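Please look over the sequence and the structure shown below.

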Amino acid sequence: MKVAMIGYGKMGHMIAQAAALNGHEIVCSVDPFAKDATCVTGHADEMAARVKDSGAEGAIEFSHPSPVFANISALVPTGIPLVVGTTGWHDRLEEVRASVERYGTSLLYSSNFSIGVNLFYRIVSEAARLMSAFDEYDVALFESHHNQKADSPSGTALDLAHRVMESMPRKTRLVTDCFVRKPEPDELHLSSVRVGAVPGTHTVWFDSAADTIELTHTARNREGFALGAVRALEWLVAPNGEGNRKLGVYTMKDVFNDL
Ligand SMILES: NC(=O)c1ccc[n+]([C@@H]2O[C@H](COP(=O)([O-])OP(=O)(O)OC[C@H]3O[C@@H](n4cnc5c(N)ncnc54)[C@H](O)[C@@H]3O)[C@@H](O)[C@H]2O)c1
C-alpha cells in the first residue's frame, strides 16, 4: 500500500519503518520542521494537496495536538482512509464524524495503538464490572509519561477512566485536578505526572480497607504503537464483510472485534 505520513517526528519515523517492514511504501511525509520530510509545510491545505498528489492509498497522522484538528479537516475531503494517533481533539469528534460521513470516507482514531494496551482496556473493563458489585472497593487511576508530552492527562488514561465509569455506575464524575478537599463518592480521581523519559505507565487501583488490587500497563518502548498504527491502517483499507469499502469512523475496538 502507498502510505502518507503527516507528522514526521519520533512516531512518524517509527511508523515509516514498521510500514516498510510490512511491505508498504511511504510515498509522502509532511512535517513543518523535519528536514527529511518530502514536504516541509505546516499549512493544512497544502499538506492535504501534497498527500492527494502522492497517490497515497492511506494516511497516518501523528503530529501535535495543536494542528491535528486542522489536519484532519483538510485530509477528510481527499477521501483517503486516515488513521489518527495524535490526541487532544476528541472533544470535536462529532464534527469530524459529520465530515467523514459527508465525504463518504473513513477514519480510525485511537489514543493508544498498542496491542497490549488494547488488551489492558478489556481487562480493566472486566475488572471494573466485577468490582462494581462490591461497594467497599473504591477506584482511582494514575498515569506517568515523559516530560515532552504536550497533553495531560493522556488520552489513554481518559479512555481507561471512561471504561471504568461505564462498568461502575456509582462513579459518575471524572476529576483530573488535584483534590483540595475530600472526594465525593461518585468522583473518580485520575492523576498524572510528567517526568524524564517514561514511555507511558497506566495504573488502575481498586482499594478497600482490607486490600488493594492494582492493574498496571507499562510500555517498554514505542514500537508497539507504530506496529499497531500500521495494522490499523491495513484493517481500515481492507474491505468489510460484504466486500465493500469500510466507511465511517472507527477505533481500535473495531479492529479488535475483528481479530
Ligand atoms: N495514539 C498513540 O498510540 C500514540 C502513541 C505515541 C504518540 N502519540 C501522539 O502522537 C503525536 C506525535 O508523537 P511524537 O512522539 O512523534 O512527537 P514528535 O514531537 O517527535 O513529533 C511530532 C512531529 O509533528 C510535527 N508537526 C508539528 N506541527 C505539524 C503540522 N502542522 N503538520 C504536520 N506535522 C507537524 C513536528 O514538527 C514533529 O516532527 C503526539 O501527539 C503523541 O501524543 C500517540
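Helices (H or I, at least four residues) and strands (E, at least two) are DSSP runs, numbered from the N terminus. L236 belongs to helix α7, and E234 is found in that helix too, which covers residues 223–237. The model is a predicted one, in which local features need pLDDT of at least 70, side-chain atom pairs count only at pLDDT 80 or more, and totals for chains, interfaces and linings use all residues. Residues are numbered from 1 along each chain as its sequence is written, and side-chain values use heavy atoms, with hydrogens and water left out.

Burial is stated by relative accessible area: buried means under 20%, exposed over 50%, and partly exposed in between, with a 1.4 Å probe and protein chains only. L236 counts as buried because its relative accessible area is 1%. E234 has 25% relative accessibility, so E234 counts as partly exposed. Distances between C-alpha atoms place these two residues relative to other parts of the chain. E234 and P81 are 153 residues apart in sequence, and their C-alpha atoms are 9.9 Å apart in space.

The next residue is in a strand. S106 is part of β5, which spans residues 106–109. Its relative accessibility is 1%, and therefore S106 is classed as buried. The side chain of S106 makes a polar contact of 3.3 Å with the side chain of R245. A polar contact is a pair of N or O atoms within 3.5 Å; within protein, one must be able to donate a hydrogen and the other to accept it, and residues adjacent in sequence count only if both atoms are side-chain atoms.

Several loops can be followed next. P153 lies between β6 (138–145) and α6 (155–167). The peptide bond that joins S152 and P153 is cis, with omega at about -5 degrees. P169 is in the loop between α6 and β7 (173–175). With a relative accessible area of 60%, P169 is exposed. P169 and V68 are 101 residues apart along the chain, and 33 Å separates their C-alpha atoms. A209 is located in the loop that runs between β9 (201–207) and β10 (212–218). A209 is exposed, because its relative accessibility is 92%. Its C-alpha atom is 45 Å from that of E61, at a sequence separation of 148 residues.

Which residues come nearest to the ligand? Of the 25 residues around the ligand, the nearest are K10, M11, D31, F113 and R222. Here a residue is near a molecule if one of its heavy atoms lies within 4 Å of it. By class, this shell has 11 nonpolar, 10 polar and four charged residues. Ala, Val, Leu, Ile, Met, Phe, Trp, Tyr, Cys and Pro count as nonpolar, Asp, Glu, Lys and Arg as charged, and the others, Gly among them, as polar.

A polar side-chain atom of D31 is 2.6 Å from an oxygen atom of the ligand. A polar backbone atom of K10 lies 2.9 Å from an oxygen atom of the ligand, and a polar backbone atom of S110 lies 3.1 Å from a nitrogen atom of the ligand. Taken alone, the ligand exposes 850 Å², of which the protein buries 83%; accessible areas come from the Shrake-Rupley method with a 1.4 Å probe, and for residues only the protein chains shown count as cover.
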